[in-house]
Amino acid sequence: MKYVYILESLDSLHFYVGMTDDLRARLAKHNAGEVPHTSKFGPWRLRTYIAFSDEKQAVGFERYLKSASGRAFAKKRL
């Protein structure tokens, strides 16, 4: 399974979209400061995630969520 996830900083000012095979381990890495892009805004909580059995669909959805319309969709619906 591939997971596309949205993280929210505890101050609710920052969000991060990513994809992983192991959601728990990836969240732990974000909170441990091991991911350069998110290290300065942690700690993080999982806002939502979507599981995909098809990696191609997961990559497409992650790319969409990182676009302007995808960010608007996530803010309103997820």
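Let me begin with the helices: α2 and α3 are roughly perpendicular to each other, a label that covers angles of 65 to 115 degrees, whereas under 35 counts as roughly parallel, over 145 as roughly antiparallel and the rest as oblique. This is a predicted model, in which local features need pLDDT of at least 70 and side-chain atom pairs count only at pLDDT 80 or more, while totals for chains, interfaces and linings use all residues. Residues are numbered from 1 along each chain as its sequence is written, and side-chain values use heavy atoms, with hydrogens and water left out.

Helix α2 covers residues 55–65 and helix α3 residues 68–77, and the two pack at an angle of about 90° with their axes 6 Å apart. Axes here are lines fitted to C-alpha atoms, for helices over the stretch in contact, and angles run from 0 to 180 degrees between N-to-C directions. Helices (H or I, at least four residues) and strands (E, at least two) are DSSP runs, numbered from the N terminus. On the α2 side the contact, meaning heavy atoms within 4.5 Å, is made by F61, Y64 and L65, which meet S69, G70, R71, F73 and A74 in α3. The residues of this contact divide into five nonpolar, two polar and one charged, where Ala, Val, Leu, Ile, Met, Phe, Trp, Tyr, Cys and Pro count as nonpolar, Asp, Glu, Lys and Arg as charged, and the others, Gly among them, as polar.

Now to the sheet, which is open and has three strands in the order β2-β1-β3, with antiparallel pairing. Strands β2 (15–20) and β3 stand at the edges with a single partner strand each, so one side of each is left without a neighbour in the sheet. Direction ignored, neighbouring strands are turned by 20° against each other on average. Two strands pair if DSSP finds at least two bridges between them; β1 and β2 do so over six bridges, and β1 and β3 over eight bridges.

How many residues of β1 are buried? Seven of its eight residues are, taking buried as under 20% relative accessible area, exposed as over 50% and partly exposed as in between, with a 1.4 Å probe and protein chains only.

Finally, the structure holds five aromatic pairs, defined for rings of Phe, Tyr and Trp (its six-membered ring) with centres within 6.5 Å, and called stacked if the planes are under 30 degrees apart, edge-to-face if over 60 and tilted for the rest. The rings of Y3 and Y49 are edge-to-face, because their centres are 5.9 Å apart and their planes stand at 70°. Since Y3 lies in strand β1 and Y49 in strand β3, the pair ties together parts that are 46 residues apart in sequence. Y49 itself is partly exposed, at 45% relative accessibility. F52 and F61 form a tilted pair, 5.7 Å centre to centre with 45° between the planes, and F52 is buried, with a relative accessible area of 13%. Ring pairs link F52, F61, Y64 and F73 into a cluster.
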